[in-house]
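Please read this briefing alongside the sequence and the 3D view.

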Amino acid sequence: MRRNRGTSPVSQSIAVSALLLLALFLLPLPGADPFRSTLFGREDPVDETEEEPPPPSVPGSGSDDARTLRVLDGEEVLEMELGTYLTGVVRAEMPASFEPEALKAQAVAARTYTLYKLLTGGNHGETADICTDHACCQAYIDEESARANWGENADAWEAKVESAVRETGGEAILYGGVPILAVFHSSSAGLTRAAGEVWLDDLPYLQAVRSPEPGDRIPNYYSRVEFTPEELRARLQAAFPAADLSGGMETWLRDPAADGAGNVETLSVGGVTVKGTRVRAALNLRSACFTWEMQEGKMVFFVTGYGHGVGLSQYGASAMAAAGADYREILTHYYTGVTVEPWGG
C-alpha cells in the first residue's frame with residue numbers, strides 16, 4: 001500500500017517559521033516613519049501602566065527666584081531676588097484688601113514692568129536695575145513696614161500678596177513675544193487713556209478701554225482744589241513761561257478739548273496750547289480729568305480719578321475680579337492685543 005504524501009510535522013514547523021520571519025520583516029521599525037501615524041490618523045499608544053503621572057507644571061514657577069535685582073532704595077543699592085522685590089511692590093502699589101485676582105493682575109503687571117526695565121536699560125545706568133521711587137519706577141515696601149501699617153490684618157494680607165506673586169510666578173504680559181511697558185494707575189474716569197494722549201509716543205497695547213470704576217467706594221475719587229490768583233499765576237507761569245497771564249484769571253484757561261470720559265487732552269493757557277497732562281502736573285491735580293470755575297475770587301478745579309489713566313486701572317481691576325474675571329482676563333482687557341504667559345528671556 002502506497003504511503004500518503006500529506007504534510008509532515010517537520011514541514012509544518014518550517015512553514016510556520018518562514019511565515020513568522022516574513023511578518024517580522026514587514027513590520028515597521030520603531031521611529032522609522034515618524035509621519036505615519038499623522039498621515040493615517042493613528043493615535044499614539046496609550047501608556048496603561050499604573051504609575052502615577054507627574055504633577056502638572058506651574059507656568060514659570062520658580063523663575064522669579066532665579067533672577068537677582070539691584071534695587072536702588074534711597075541712596076542704598078539692595079540686592080534681592082525678583083520674587084522678593086515683586087512682593088514688596090504689590091504690598092506698596094495695591095491695597096491688600098483687594099480681590100485676589102486683582103492682586104495677581106498687579107503682580108504680573110509689576111513683573112512685566114520690571115522685565116521691560118531690564119530689557120531697555122532702565123533709568124539708573126550701571127548703578128541699579130530699578131528703584132523704589134513710585135515717581136520713577138515702582139513703589140516698594142518691606143514686610144516689616146507693611147505689617148506695621150496693616151495691624152491686625154497683617155497675617156491675612158501678607159499671605160494674599162505672597163500668593164499673588166507665587167501663583168503667577170514667571171508670567172508676563174507680552175506683545176509680539178516681548179514684555180510690554182506695563183504701566184498702571186489707581187482709578188480712571190471710566191475710560192483709560194492711550195499712551196499718546198499722555199506722553200510723546202503712542203503704543204499699540206496702551207489704548208483707551210472702558211473701565212468699571214466703583215466711584216462711590218474709591219477714596220477721593222472726586223476731589224476739589226482751589227487757587228488764589230497769585231497761586232495760580234505762579235504755578236502756570238513757572239510751567240508755561242510763554243503764557244500771557246496779564247488779564248483776569250477767568251481768561252487764563254480756555255478752549256479745553258476732552259475725550260469721552262472728560263480727560264482734558266489739550267487747552268489754551270494764556271494763549272499757548274498745551275496738553276492737559278502738563279496742566280495736571282503744574283497744579284498737582286490727581287488726574288487730567290478736570291473742570292474749573294470761578295468761585296468767590298478763586299479758581300476751583302473739580303477732578304475725577306487718580307493717576308495718569310494709562311494701562312491697568314487698579315480699582316477697575318478689583319471691580320472686574322469681584323464680577324468673576326480672572327487675572328488674565330483683567331490684563332488682556334486693559335492691555336490691547338497682548339498675551340499673558342511665562343517668559344524666560
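A patch is made of residues with over 30% relative accessible area and no salt bridge, where like charges are joined within 9 Å and nonpolar side chains (Val, Leu, Ile, Met, Phe, Trp, Tyr) within 5 Å. This is a predicted model, in which local features need pLDDT of at least 70 and side-chain atom pairs count only at pLDDT 80 or more, while totals for chains, interfaces and linings use all residues. Residues are numbered from 1 along each chain as its sequence is written, and side-chain values use heavy atoms, with hydrogens and water left out.

**Surface charge**

- Lys and Arg count as positive, Asp and Glu as negative, and His and the chain ends are not counted.
- The place of a charge is taken as NZ of Lys, CZ of Arg, CG of Asp or CD of Glu.
- Accessible areas come from the Shrake-Rupley method with a 1.4 Å probe, and for residues only the protein chains shown count as cover.
- On the surface, a patch of negative charge is formed by Asp-73, Glu-76, Asp-142 and Glu-144.
- Glu-76 belongs to strand 2 (residues 76-81); helices (H or I, at least four residues) and strands (E, at least two) are DSSP runs, numbered from the N terminus.
- The relative accessible area of Glu-76 is 48%, so this residue is partly exposed; buried means under 20%, exposed over 50%, and partly exposed in between (1.4 Å probe, protein chains only).

**Salt bridges**

- Side chains of opposite charge can pair when their charged atoms come close.
- A salt bridge is a side-chain nitrogen of Lys or Arg within 4 Å of a carboxyl oxygen of Asp or Glu, and the whole structure has 13 of them.
- Glu-143 pairs with Arg-147 in a salt bridge, with the closest N and O atoms 2.9 Å apart.
- Both Glu-143 and Arg-147 are in helix 5 (residues 143-150), 4 residues apart, which is about one turn of the helix.
- Glu-143 is partly exposed at 31% relative accessibility, and Arg-147 is partly exposed at 28%.
- Arg-328 and Glu-171 also form a salt bridge, at 2.9 Å from N to O.
- Arg-328 is in helix 11 (residues 327-334) and Glu-171 in strand 4 (residues 171-175), so this pair ties together parts that are 157 residues apart in sequence.
- Arg-328 is partly exposed at 33%, whereas Glu-171 is buried at 1%.
- A further salt bridge joins Glu-197 and Arg-193, at 3.6 Å from N to O.
- Glu-197 is partly exposed at 22%, whereas Arg-193 is buried at 1%.
- Glu-101, Lys-104 and Glu-167 are connected in a network of salt bridges.

**Cysteines**

- A disulfide is a covalent bond between the sulfur atoms of two cysteines.
- By the cut-off used here, a disulfide is a pair of cysteine sulfur atoms within 2.5 Å, and the structure holds 0 disulfides.
- Cys-131 is in no disulfide, and the nearest cysteine sulfur, in Cys-137, is 3.5 Å away.
- Cys-131 is buried, with a relative accessible area of 4%.
- The sulfur of Cys-136 is too far from its closest cysteine sulfur for a bond, because the distance to that sulfur, in Cys-137, is 3.7 Å.
- Cys-136 is partly exposed, with a relative accessible area of 27%.

**Helix 9**

- Helix 9 (residues 276-283) is largely enclosed by the rest of the structure, because 6 of its 8 residues are buried.
- Those buried residues of helix 9 are Gly-276, Thr-277, Val-279, Arg-280, Ala-282 and Leu-283.
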